[in-house]
Every structure is written in structure tokens, then in C-alpha cells.
Amino acid sequence: MWWLRTKAYRRFAAREATSLFAAAFSLVLLLFLFGLSRGRQAYEGFLRWLERPGTVVLSAVILAAILYHAGTWFRLTSHILVVRLGRLVVPRKVVISGLVALWLLVSGLVLQLYARF
Amino acid sequence: MQERRKETGGISLDDALGASEKWDFEPKKKKPELYLTIPPKELVFWALFSAGGMVTAFLIPIHVAILGIAFAAGWLPDDALSYERVLDFARHPLAKIYLGILVVMPLYHWAHRFRYAVHHQLGVHGWKRLVATFCYGTATLGTALTVWILLRI
Amino acid sequence: MELTLRIRRYNPEVREDPWWDEFTVDVEPWDHVLEALHEVKWRQDGTLALRRSCAHGICGSDAMVINGRNDLACRVLVKDVAPKVTVEPIRGLRVLKDLIVDMDAFFDGYKRMLPYLINDEEPPVRERLQSQEERERFDDTTKCILCAACTTSCPIFWGDEGYVGPAAIVNAHRFIFDSRDRGARQRLQILGEKTGVFRCRTTFNCTEACPRGIKVTQAIQEVKRAIMFDRLG
């Protein structure tokens, strides 16, 4: 297993593995929507599942994985997204900051959606 | 040049140079110019993976934090996830598109990464068609399910 | 100073399997690993086989795996690896003898990229003019010396027959983004296939390995985007 050999390779493997957690959350969302489509009882059953401590732990794990994905994704984008202004190139740290700012904005908007529609 | 050719016994300098490097790699002309308007499969898969990665990075964390942790911890307003409120939101066509993207894009992101992880990290060298069909097939199945459920809301 | 080299040997005429040999040489700290290998070959074991030419980091002949990382033997200083260094042939290509590998697979990928200027238009009276910005666009990828350090450090290349490899893509990039070239479409067509650019998983090994400091992964992503927008635009 070449990807166990060095720290850099193991981090690469971890990065790729985060996609599993993304798919897992898609499944959770799908169950959420399915409950919604089935009626009040089914939906509220799903909400009760969300409240269980086991689910919270699972969500924390998924969140950690997706945040790792986001971090590596932004770093990657800074490497490969070359913004040229004539002959000048936007430095990588600025690109990452821009992406993080956008991420904060989007997260804020979604939070607004939930907390005050 | 002419005299030298006779001296070396028939082969010209150009022929000798030409023979030393065989450039026999021609671009494959099997597909007609039409090819340029139909994207290659790999491009589609990669574009979906890329878009999926963007959605996963920007949108998913906050949703996980809210649905998975904040709700159970009681940090949301009491009626934030009430049946009426969420149903009201989800019935809006734009909301359905948003929810569709939220569910489906990470699936295609997973499909592409998992497909190559199986080949390059788990060392499965053959079964290329099977692995690809399983991965993108699962994602497509997920898409179909999502559309069906969203239409029922 | 003393340097111990642990070299991966292979000689099908003598032994079926490869083996390790250890040699201790006396070299200066500012010598390169290549000089140490010379000490071994010229004074201790004349059967050691390796490729080298300029010995100055520009011909790209002596790419090897030194202490687990791809680099040119003539660029790694003894003082950075002493007292013990492991030298192996580059991975992913068939070993012919000791540190010499069969570069055919590597060069095949390179040739498929049509790595020459394609322009059938009427040539201008003097030069084909190019602005500084246009030249800058592909400047990074002109630096490639075809040493194969990048391609043989790519895990995809190791495991996947047919992948052209980062070096081929870098050399394709050099022409695709050259304003004087007209063969971009042909090359992008080749690179859009299964054995082309989309195999890249941004592992970044290539960028780390490149002795010329080329941003290989960036070049590969630029080609991916060119294929995408060429299709859409």
C-alpha cells in the first residue's frame, strides 16, 4: 500500500476518504427529505433520530471530515486556480482567504435560512 | 552533398537522420470533427466531481453543523425545523432545486474519488467498467431517488 | 567525509532477483551523490550501471530515488544525505540493470503529445511575433528536461498502464498555450481520452519531485480547464 508509506501520502488518502463522509451525509439528507414526503409522523420520527447522542457523534465525525475536505480543497484550488492580472499573479494566500471569506458568507446565509426564514 | 552521398554508398544525410527517430504517433483520426461538440466521458465525470467538491466544501459543513449538532443541542429556535415550516420551504420550486443539488453533487464527488481509490489505492487493476458503473450508477440512483422524493413533497 | 551508499542492484544475467549492496566512499560534503556513485563505479565495483551525462542538473539523465524521494543524483549534495543514503532506480518503469530503467514507456507518452510546433499557416517574413505576456503564459513548462522524476513519482503512473504521465502533459501544455502554435485542439483531443489528463488525482508528487521547480500539477489543471472550456466555448 504505497499510500501508507509517508505522512504526505497518508494525508492524501485521508483527503480522498472524506468523500465517503460526504456521501454518508447525502444519505442522511435523503432520509430527511423522505421523512418529510411521508408526512408529519415520519418526519418527526426522523427529528427524534437526529436528537439521539449517537447521531450527534456521527455528525461530529462527518463535520470533521468535511471540514478537512474543505481545507484541502481550498488549498488545492489556490495551487491550480491562477488568477492573472496582466503579468501579475494573485498570490496563493489571497486566493485561500477569498475562498474562506466566501465560505463564511455562504454558511452565514444558510444559518439565516434555518434560524430566521 | 551529392559527392558525399556517393561516397557513403547510397544513403543521404537526411535519410539517416530520418531513420534514427521514428515519429509514428499520429493523432487518432477515428472520430470526426463532431467529437469536439460531444464532451469525452472523462471530462463529464471530472466536471461533476469538481462541482461536487465545491458544493461539499461550501455548503455541506454548515448543514451538518446545524442538522447534526445544533438541532440536538437545542441551539436553534423552537420552530426552526417544525413540520409546517420545513414543508412550506421545501414546496418552493427553487428550494427543491437547492435541496437537489445539496444531496446529489456530493454523491458524484464521492463516485469519482471512490472509483479511482479502488483502482489506485486498493490495487484493483482490472474490472474498470464494473467499478465505474457501480460508482456512477450509485450516484445516478441517488439522483433518481432524490428527484422522486422531491417531487412527492 | 565518509558516506555509505545502499544501492539497489539488479542484473538478470547474474541473479534473478534484485539485491542491495552497500559501499562506503570518501567524498567531500559539497560533492553530489553522483560523484559518490562514481567513486563506487570507478574504484570499487565497475559493474554498477547508471546513466549520467552533464552532471550539472540540466540533462536529466540521472534521475533516481534517493532516500525515498525522486531527484537528480547530480543535484543532491552529500552533506544533505550523509552518513547513509539509499539509491534506487526510478519507479514505475522496467529496470534494465541496476539504476538504468527502460524509458520507452515514458517517451511514448511524450511523443503522443505531438511535442513540436504545429503551424501550417503561411510563415511570416521574419519571426512569429509574441508578446511578453504570451511568452510568460507557458514559460513554466518550457523548463522540462524530460528527466522522468515527476512521472515516476506519480502513484497513478505506477499503477495504471497507459496513463501518459505528468511530463507528457507538461510538454503538451508548453505547446497548447504557446500563441505561435495551432495544434492545441489536436493535443486536447488526445489528452481528453482515458489515458490523458483526467487520470490526475492531484496527489502533488510530481510538483515535489520536479528538479526544475515546474508547477506540474498546476499545468495539468490548466490543461483540464482548457479541455472543459474548449468544449463549452
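How many Å separate the centres of domain 1 of chain C and domain 2 of chain C, taken over C-alpha atoms?

A: One thing to keep in mind before we start: this is a predicted model. The centres of domain 1 of chain C and domain 2 of chain C are separated by 29 Å, taken over C-alpha atoms. The domain assignment for chain C puts domain 1 at residues 2–101 and domain 2 at residues 104–232.

Now let's see where those two parts meet. On the domain 1 side of chain C, 13 residues are in contact with 13 residues of domain 2 of chain C. The element giving the most to the domain 1 side is strand β4 of chain C (residues 69–72), with three residues. Sorted by class, that domain 1 side has six nonpolar, four polar and three charged residues.

Step back to chain C as a whole. Its C-alpha trace spans about 60 × 35 × 30 Å along its principal axes, and its secondary structure comes to nine helices and seven strands. Out of the 233 residues of chain C, 43% count as buried. Now take the contacts in chain C between residues at least 6 apart in sequence: 65% of them join residues at least 24 apart.

You can trace the buried residues of α6(C) from C:P166, C:A167, C:A168 and C:I169, through C:V170, C:N171, C:A172 and C:H173, to C:R174, C:F175 and C:I176.

Chain C also has a neighbour to look at. There, 19 residues of chain C are in contact with 13 residues of chain B. On the chain C side, the elements that give two or more residues are α3 (104–112), α5 (155–159), α7 (184–191) and α9 (216–232) of chain C. The largest share of that side comes from α9(C), with four residues. The chain C side divides into seven nonpolar, four polar and eight charged residues.

Follow chain B across to chain A, and you find a contact that takes 45 residues from chain B and 41 residues from chain A. On the chain B side, α3, α4 (60–73), α5 (83–91), α6 and α7 (128–152) of chain B each supply at least two residues. The largest share of that side comes from α4(B), with twelve residues. By class, the chain B side has 34 nonpolar, eight polar and three charged residues.

Let's finish inside chain B, with two helices. The axes of helix α3 of chain B (residues 41–58) and helix α6 of chain B (residues 93–120) come within 7 Å and cross at roughly 125°. α3(B) and α6(B) are therefore oblique to each other, and their crossing is left-handed. From α3(B), the residues making the contact include B:F45, B:W46, B:L48 and B:F49. From α6(B), they include B:I101, B:L102, B:M105 and B:P106. Overall, the residues of this contact between α3(B) and α6(B) divide into eleven nonpolar, five polar and one charged.

Note on methods:
Residues numbered from 1 in each chain as written. Chains lettered and ligands numbered in written order. Predicted model: local features only at pLDDT ≥ 70, side-chain atom pairs only at ≥ 80, totals over all residues. Contact = placed C-beta atoms within 7 Å. Nonpolar A, V, L, I, M, F, W, Y, C, P; charged D, E, K, R; others polar. Axes fitted to C-alpha atoms, helices over the stretch in contact; angles between N-to-C directions. Parallel < 35°, antiparallel > 145°, perpendicular 65-115°, else oblique. Left-handed = near helix turned anticlockwise from the far one by under 90°. Domains from an automatic or database assignment. Buried ≥ 20, exposed ≤ 12 C-beta atoms within 10 Å, placed from the backbone.
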